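Please consult the sequence and the model shown below.

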Amino acid sequence: MKTLSENKCFGGVQGVYAHDSAACSCEMTFGLFLPEEAAHVPVPVLWYLSGLTCTHENAMIKAGAQSWAAEQGIALIFPDTSPRGEDVADDEAYDLGKGAGFYVNATQTPWAPHFRMWDYVAEELPALVGENFALDMDRQAITGHSMGGHGALTLAMNLPGRFASVSAFAPIANPTASDWGRKQLSAYLGDDESTWAKHDSSLRMRETGFDGPVLIDQGANDQFLDLLKPEALAEAMAARRQDGIFRMQKGYDHSYFFVSTFMEDHVAFHAEALHA
């Protein structure tokens, strides 16, 4: 692992690091914010998974999360959204290939050699940061935006006991029934739709739910509502009697202006679970 940058930030340190990933067979980059408390004791962790076209950098710069995380004594991890490099397969479309890993382990050509973002986020990166930084890996929570909200919800529901809480901003909530999902899941996983189900948060909510609190914020003026299908997740949460809150935010769209507006709420929501 190598340090690309470290900057003083709200009393703590915002770092950017790179390492050779065995899961993705390429160099991967991630951002990590450590609050001031991490200089003395291991601190709890909040993962932030980003959306389509993003890198580790978008949320790190635009989401406004560090100030609230510093206030709560929580670390923030910003992984990349896909493998990178000249040898990594890509597509001309913005919603497939680099920047569009969808947090799955690809099984199909040409994606399979590198696109193993599930293993990267669920196993490899947690092990790496747990070994190298003052993090309390027994206290983890996860959030994300759009494609990252999809990833946060599916990881949380498929890894029971890992995360104390999960939240999402405008998640791709029903990808098996959306063009933001069917295209990518068929490309990465093949045409057997039974392999897609674990990556659909609405289906997982109906099947298993989540063993902790859930918070969903969705902008009512989101230009991608028909692709996100938030109503499927809201209905699944109600049917499951899930411990959770689904909020439709009047006037807000899909941008980081929306995310940053409600970031304080999400960090406080996770802090309550992490410090319980």
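Which residues are buried in helix 4? They are M147, G148, G149, H150, G151, A152, L153, T154, L155, A156, M157 and N158, where buried means under 20% relative accessible area, exposed over 50%, and partly exposed in between (1.4 Å probe, protein chains only). The model is predicted: local features need pLDDT of at least 70, side-chain atom pairs count only at pLDDT 80 or more, and totals for chains, interfaces and linings use all residues. Residues are numbered from 1 along each chain as its sequence is written, and side-chain values use heavy atoms, with hydrogens and water left out.

**Overall fold**
- The protein contains nine helices and nine strands; these are DSSP runs numbered from the N terminus (helices: H or I, at least four residues; strands: E, at least two).
- The C-alpha trace spans about 50 × 45 × 35 Å along its principal axes.
- Of the 276 residues, 58% count as buried.

**Helix 4**
- Because 12 of its 12 residues are buried, helix 4 is largely enclosed by the rest of the structure.

**Selected sites**
- Q184 lies in helix 5 (residues 179-189) and is buried, with a relative accessible area of 0%.
- Leaving aside residues up to four places away in sequence, Q184 touches D95, L96, F102 and D179; contact means heavy atoms within 4.5 Å.
- V41 sits in the loop between strand 3 (26-34) and strand 4 (43-49) and is partly exposed, at 45% relative accessible area.
- V41 and D136 are 95 residues apart in sequence and 8.6 Å apart in space, C-alpha to C-alpha.
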